[in-house]
Amino acid sequence: MTTIKQHKAKIKVPAGDKALTIFCYSFVIIFAILCLVPFILGLSASFTAEVALAKNGYQFWPSEFSTAAYELLFKTSQIFDSYKVSIFVTVVGTALSLLATTLLAYPLSTGKLKYAGKLNFFIYFTMLFTGGLVPTYMLVSRYLGMKDSIWVLIIPILINPWNMFLLRNFFSSIPGSLAESARIDGANDITIMFRIILPVSTPALATIGLFYALAYWNNWFQALMYIDKSELKPLQAIIIEMLRNADFMKQMAGQMGVQSTQIPSITSKMATAMVTIGPIVLVYPFVQKYFTSGIMVGSVKG
Amino acid sequence: MSTKQATLNQRAIQQKKHGFLTEINKNGMLYLIMVPGLLFFLIFSYIPMGGLVMAFQDFNIIKGIFGSDFFGLGNFKFLFADGTRETVLRVVGNTLWLNFLFIVFSTIFSVALAIMFNEVRNKHAKRITQTLSILPYFVSWAVIALLLEAFLKADGGLLSTTLANMGINISFYSDPSPWQLILVIMKVWQGAGYGAIVYIATVTGIDPGIYEAAEIDGASRWQKIIHITIPILRPTIVLMTLFSVGRIFYGDFGMIYGLVQDNSLLFSAADVIDTYVYRMLRQLHNYGMSTAVGLIQSVCGFVFVYAANKLARKYEPDSAIF
């Protein structure tokens, strides 16, 4: 240890290094702050009195503190309905997606299926070529009759082929000896999958599960296409409505019998955004490592 | 690796010997549990591919796909008709140009961030900045659009009022000219931190001995970045770029529709194939023509994705996911 230290001390630090270090620190810190700033601005706006916001504009600290936006939001039944839909879709959708993905990925990973190559291509081809928006829309809405059903938010996007291949590759990397020893003890394929393979795959399953959960929570496209009933709209779809229709909040509150002159329509939009990202921001620091490990598996190792 | 390959080959030879029934008899359970997943792809991926025949039909919503009359290439005529030709050229042009800008700037910022994160030696600073820079990736474009309003709105928006105080008056939601810049900034803001993770993984995997050797030779940090880090990152950069180029015909619907919605004042700068097809479908109910545009996109998209995957596999055999 001491020799290394002495050795390092002998090397002259080039003059530009300090400047470079300072530049890197500043750049990274500025980027990080810029990533945070819009959220703070939105949070501040959601706690500002509507009149003050109209007068002073958006500021990083509420010029006049008010919880009126949140009070209005929680007075309407819409936000509770939407929360329920979002939670249902995220929880049930993630569970079903994870199950269907695993049931596809495990057999393909075993290397003992005669038709594995053909089935792999069957799935891979869907990543290369798509029927596109219109035929999919016709199928789901007209022929499957899934319009205004909560399942349309889950079933048509149940399996992501990319996630399937990620999981398959992970399963293949598990040493075959593990399954082999269980087979000698008389276990069948299904027992091996549930008792041996899945328990040692929890980090990979957590990663894929989080990918799915985030995709479900943030999805508004399905609702935009197929959901007209307001009680079936997830939170993200409500936000899209607010963006498309400036009077959406007024109409929503009008239905609840709130006088339209008293409606904090701008700040309640921000409050909705805050309520929507709330769960993500709370959970995100704890699950971040799964996402980072997931993307590394996906792109470096493949 | 080679012994694994050998056993795999052996297995393949053994498998060739038996037929379909023996295979089902032997691995029936494994095939059975795949049924839901395979049905999913059959229904939601392959049937819509068949639905592309709508592009050649005089599609009627009452008659449906099986009852509508065919009328050849009629739906493609409008692509060349006066008035629509300009629109089609515009959305295709916007799709390619915006994706090109996204690829260039996202790559530059992701790589730069990865290198700079690596230069940040303070552990806490590194962790906090990295965590924050990935945060926007976790938020939907719908929420981002609302947050963007806080900056760009004509009345009270932080950026527009600041600019107005400096004497620059831009009405962001009715002036298309700044929008390509805004979209690029938003793309970098949302995705560069997340995109950097791949490069960070490569950088942290570099043998420290290489840097030490360079240090002994008196290399500055800048020289080490230029002559060691970037050359080592190059294969990853090429690969990631290749995959993005493969998707160049697909506009980012979630982003563009999320940020612009149906604001026709901004279409000249921000309308892409995907948003155009969506509008033709939902607002004009023009099924045949919107499918025709979709079909052209799918075919061009297929050529690009296929070529990109082929090139990637040639360039970096380990990278192919399939």
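Visitor: To start, where does Phe138(B) lie?
Guide: This is a predicted model. In it, Phe138(B) is placed in the loop between helix H6 (123–134) and helix H7 (141–152) of chain B.

Visitor: Buried or exposed, that Phe138(B)?
Guide: Phe138(B) counts as buried, with a relative accessibility of 2%.

Visitor: And what does Phe138(B) touch, sequence neighbours aside?
Guide: Not counting residues up to four places away in sequence, Phe138(B) touches Leu214(A), Asn218(A), Ile280(A), Tyr284(A) and Phe291(A).

Visitor: How far apart are Phe138(B) and Gln190(B)?
Guide: Phe138(B) and Gln190(B) are separated by 52 residues in sequence, and their C-alpha atoms are 8.5 Å apart in space.

Visitor: Let us turn to Thr236(B). Which helix holds Thr236(B)?
Guide: Thr236(B) belongs to helix H11 of chain B, which covers residues 221–246.

Visitor: Why is Thr236(B) called buried?
Guide: The relative accessible area of Thr236(B) is 13%, and a residue is classed as buried when that value is under 20%. Leaving aside neighbours within four places in sequence, Thr236(B) is in contact with Val198(B), Tyr199(B) and Thr202(B).

Visitor: Now the backbone. What is the phi of Gln261(B)?
Guide: Gln261(B) has a phi near 50°, a positive value in a residue other than glycine. For context, most residues other than glycine have a negative phi.

Visitor: Where is Gln261(B) in the chain?
Guide: Gln261(B) sits in the loop between helix H12 (253–260) and helix H13 (267–270) of chain B. With a relative accessible area of 12%, Gln261(B) is buried.

Visitor: What about the phi of His285(B)?
Guide: His285(B) is not a glycine, and its phi is positive, at about 50°. His285(B) is found in the loop between helix H14 (273–282) and helix H15 (287–315) of chain B. His285(B) is partly exposed, at a relative accessible area of 47%.

Visitor: Switching to chain A, how many helices and strands are there?
Guide: Chain A has 15 helices and zero strands.

Visitor: Why is chain A described as more spread out than a compact globule?
Guide: The globule rule gives 19 Å for 302 residues, and the radius of gyration of chain A is 26 Å, well over that value, so chain A is more spread out than a compact globule. Along the principal axes, the C-alpha atoms of chain A fill a box of roughly 75 × 75 × 35 Å.

Visitor: How is chain A divided into domains?
Guide: Domain 1 of chain A covers 11–66 and domain 2 covers 69–301. The contact takes 10 residues from domain 1 of chain A and 11 residues from domain 2 of chain A. The C-alpha centres of these two domains of chain A are 31 Å apart.

Visitor: And which domains does chain B have?
Guide: Chain B is divided into domain 1 (2–54) and domain 2 (76–319). The C-alpha centres of those domains of chain B lie 36 Å apart.

Visitor: Back to chain A: what is its accessible surface?
Guide: The accessible surface of chain A is about 13,900 Å², and 67% of this belongs to carbon and sulfur atoms. Of the 302 residues of chain A, 53% count as buried.

Visitor: Finally, how far apart are the mean positions of the positive and negative charges of chain A?
Guide: Chain A has 23 positive and 13 negative charges, and their mean positions are 13 Å apart.

Methods
Residues are numbered from 1 along each chain as its sequence is written. Chains are lettered from A and ligands numbered from 1 in the order in which they are written. This is a predicted model: local features need pLDDT of at least 70, side-chain atom pairs count only at pLDDT 80 or more; totals for chains, interfaces and linings use all residues. Side-chain values use heavy atoms; hydrogens and water are left out. Helices (H or I, at least four residues) and strands (E, at least two) are DSSP runs, numbered from the N terminus. The radius of gyration is taken over C-alpha atoms; the globule rule is 2.2 Å times the number of residues to the power 0.38. Buried means under 20% relative accessible area, exposed over 50%, partly exposed in between (1.4 Å probe, protein chains only). Accessible areas come from the Shrake-Rupley method with a 1.4 Å probe; for residues, only the protein chains shown count as cover. Lys and Arg count as positive and Asp and Glu as negative; His and the chain ends are not counted. The place of a charge is taken as NZ of Lys, CZ of Arg, CG of Asp or CD of Glu. Domain bounds come from an automatic or database domain assignment. Contact means heavy atoms within 4.5 Å.
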